[in-house]
Amino acid sequence: MHRILILFILLSLGCKSDPSASVVAPAPNAGPQMPVEEEITDFATNNTIVVPDATTLVSEAVIGKIINQDPGMIEVIQGNAKSEKNYQSAFIKWPDDFVNAGIMVQVSRNPVYDEYRDWAISYIDSKKSAGENVPGTTDVVKFNSYDEHGDSGAYSYEAGKYYWRIERDYVITVAFNMDWDEKEQYRIATALGTEIMKKF
């Protein structure tokens, strides 16, 4: 009886497939490939990218021309502590019948620089592949490609947001709380982006 049991165990082990044989290699040309991540040679290196003060990126005079408002009525407000190293934001406000009318401009750097150098690439790609939750709902909005500025970008009229990256260093965000139609929103985001990019 013991011999039969041992023989059965040996046969069972011998029939198991080699786990390495079941690994399927990805098909060539299976889709766009991520750029090769830069080699990390020193995990103790701090991120030396400096994030500029977002309130200084576009002047009130230029904003007024872009959004067709009196520059004297435009207020650019600091959105966070100036000591914040990973991002800086500014809120552009003006009197309007639309409640809380405004635009947010934000510049971000990689917050996990020592662990993952391709954060900016993944951040933009995720907007197009996974999208964003619409605040206050369970809906998810996927973004379209935005190629007006930087190395790659994403935008959604419904979300009122435009993102683009500058190499692996920065992600720029322009977000709207306004009732402009899609064509006008796109025009304003792009015009603001043109001014913002002059600082990089």
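This is a predicted model: local features need pLDDT of at least 70, side-chain atom pairs count only at pLDDT 80 or more; totals for chains, interfaces and linings use all residues.
1. Start with the empty space inside. Rolling a probe the size of a water molecule over the atoms shows where empty space is left. The count comes to 1 cavity of 30 Å³ or more, and the largest cavity has a volume of about 50 Å³.

2. **Its lining.** Which residues line the largest cavity? Look for Ala 54, Leu 57, Val 58, Ile 63, Val 76, Ala 90, Ile 92 and Val 105. Sorted by class, this lining has 8 nonpolar residues, with no polar and no charged ones.

3. **Helix H3.** Now move along to helix H3, which spans residues 119–129. Its buried residues are Trp 119, Ala 120, Ile 121, Ile 124 and Lys 127. As you look at them, keep one rule in mind: an α-helix has 3.6 residues a turn, so residues three or four places apart point the same way.

4. **What covers H3.** The cover over the buried residues of H3 includes strands S3 (102–109), S4, S7 (152–156), S8 (161–166) and S9 (170–177). After H3 comes Gly 131, with a positive phi near 80°.

5. **Asn 133.** You will find this residue in strand S4, residues 132–133. Is Asn 133 buried or exposed? Asn 133 counts as exposed because its relative accessibility is 53%, and exposed means over 50%.

6. **Its surroundings.** Setting aside neighbours within four places in sequence, Asn 133 is in contact with Thr 138, Asp 139 and Val 140.

Technical notes
Residues are numbered from 1 along each chain as its sequence is written. Side-chain values use heavy atoms; hydrogens and water are left out. On a 1 Å grid over the protein atoms alone, a cavity is a set of points where a 1.4 Å probe fits but cannot get out, and a pocket is an open set with protein on both sides within 12 Å along at least five of seven lines; lining residues have an atom within 4 Å of a point. Grid points are joined across faces, edges and corners, and a volume is the space filled by probe spheres set on the points. Ala, Val, Leu, Ile, Met, Phe, Trp, Tyr, Cys and Pro count as nonpolar, Asp, Glu, Lys and Arg as charged, and the others, Gly among them, as polar. Helices (H or I, at least four residues) and strands (E, at least two) are DSSP runs, numbered from the N terminus. Buried means under 20% relative accessible area, exposed over 50%, partly exposed in between (1.4 Å probe, protein chains only). Contact means heavy atoms within 4.5 Å.
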